[in-house]
Amino acid sequence: ELESLKASWTAALQRRYFDLGIWTSPIPAMALTMLNGLLIKDSSPPMLLHQVSKTAQLDTFNYQSGFMQSVFDHFPEILFIHRTYNPRGKVLYTFLVDGPRVQLEGHLARAVYFAIPAKEDNEGLAQMFQVFKKFNPAWERVCTILVDPHFLPLPTLAMEFPAAEVLLSAFHICKFLQGKFYQLSLERPVEKLLLTSLQSTMCSATASNLRKLYSLLSNCIPPAKLPELHSHWLLNDRIWLAHRWRSRAESSRYFRSLEVTTRILSQFFGTSPSEKQGMASLFHYMQQNSADKANFNQGLCAQNNHAPSDTIPESPKVEQLVESHIQHSLNAICTGPAAQLCLGELAVVQKSIHLIGSGSEKMNIQILEDTHKVQPQPPASCSCYFNQAFHLPCRHILAMLSARHQVLQPDMLPAQWTAGCATSLDSILGSKWSETLDKHLAVTHLTEEVGRLLQYCSKEEFERRYNTLRELADSWIGPYEQVQL
């Protein structure tokens, strides 16, 4: 069966060579050997195009398994490109999927394409991108491409992907700044402060935090060296909008995962003077860690179960029917003013992408904004401000109902909001809005943010910040009363 599979794969590969008009040498035994494990686990033949020079080195190389192609078909919107150089100066291009819909685990789980161009010039890269597009019709759905700061052939990329926006990736900017901090040979306390601030900012890339980091760089870096850091990138909000949707925990996992992925690529390809040996070692690692593919399947299945619109969109008629049923249930159960407020929240849901993941007791709902916790059991509740202030079904609860094809039930909201219990919007807003609650939520959010920051600082920094909080508490309440921090 394996020999038959090899034969069918070879025939399919030769047809692909002919379709592209690319001359290649016969498929070497090395290529088949290192792909055998992948072939056994992948029913569809992989795409492998290579051209060998007279010195038996790989001139060009393009590889994509059938499963990698299916992953790209699911998540083509944002493409992350990473480059790894070997001692001979040859570069491996690794394409990875990115974005809020990608919830895949595994160090190479998001890799969808490997390529080594003949030369890293406009002609060589254009051919590489054209081969990628030839075997991936979903390339037309690429909206954003994330690259590193040293990526120079931007015109070629823009020509091959005319509808896509090319942006610097947050990960590569972080690695670039880290490298610069080390190169500048700063005093140890200053270097440590900059690295800690950079890590904290990358995990919470708000406009305010980015401005603070920008100011810190201006104050700590010698003026003559400051232009080398390109600190103006921190003020380019378009770069950070592509990353800001992640929570602090998600950002931490994202950077950690990419750090491991890039180290694996450097370990196997970046240290080998032979491109053949480097790729063989990389594929051998992929075979040994085939659990990544299981994680592929689990991630895809989880998203199929919890967010059908993320993989195979439902027909507009089904979506409209579900939304109309939710609107009818809101109008039938709620008072007029309450329905008006909730329908506004539903309108936001209809115009946005929402991600849904379930836990043991609660569901995580994200509408490309801050993540909130939804308690689906009646009466339904959410951690967002709207639900906490008005005790009404917010956009997160309505997104949950929409995904489950359910409607609002009377026991999902407090009695005072049911039809017949209130007469006007003004009276409801006047009676339900609480200045105390407003202050409580503001303080709660600030406290949670401080708590998260303290988790990532050093022991010395923790003691310093703790003592500052201790002094504040004593000055506000008095040392005569012990305040639990």
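This is a predicted model: local features need pLDDT of at least 70, side-chain atom pairs count only at pLDDT 80 or more; totals for chains, interfaces and linings use all residues.

Visitor: How many helices and strands are in the chain?
Guide: Let's count both kinds of element along the chain. You'll find eleven strands, and the helices number 19.

Visitor: What share of the residues in the chain is buried?
Guide: Here a residue is buried if its relative accessible area is under 20%. The chain has 485 residues, and the buried share is 46%.

Visitor: How are helix α7 and helix α10 angled where they pack?
Guide: Two packed helices are described by the angle between their axes and the distance between the axes. For α7 (residues 188-203) and α10 (residues 248-270), the axes are 8 Å apart and the angle is about 115 degrees. Angles of 65 to 115 degrees fall in one class, so α7 and α10 count as roughly perpendicular.

Visitor: Which residues in α10 meet α7?
Guide: On the α7 side, look for Ser200, Met202 and Cys203. The residues of this contact split into three nonpolar, three polar and one charged. The α10 partners are Arg248, Ser251, Ser252 and Phe255.

Visitor: How far does helix α4 reach from its first C-alpha to its last?
Guide: Helix α4 covers residues 122-135, which is 14 residues. Several of them are buried, among them Leu125, Phe129 and Phe132.

How values were computed. Residues are numbered from 1 along each chain as its sequence is written. Side-chain values use heavy atoms; hydrogens and water are left out. Helices (H or I, at least four residues) and strands (E, at least two) are DSSP runs, numbered from the N terminus. Buried means under 20% relative accessible area, exposed over 50%, partly exposed in between (1.4 Å probe, protein chains only). Axes are lines fitted to C-alpha atoms, for helices over the stretch in contact, and angles run from 0 to 180 degrees between N-to-C directions. Angles under 35 degrees count as roughly parallel, over 145 as roughly antiparallel, 65 to 115 as roughly perpendicular and the rest as oblique. Contact means heavy atoms within 4.5 Å. Ala, Val, Leu, Ile, Met, Phe, Trp, Tyr, Cys and Pro count as nonpolar, Asp, Glu, Lys and Arg as charged, and the others, Gly among them, as polar. The expected span of a helix is 1.5 Å times one less than its number of residues.
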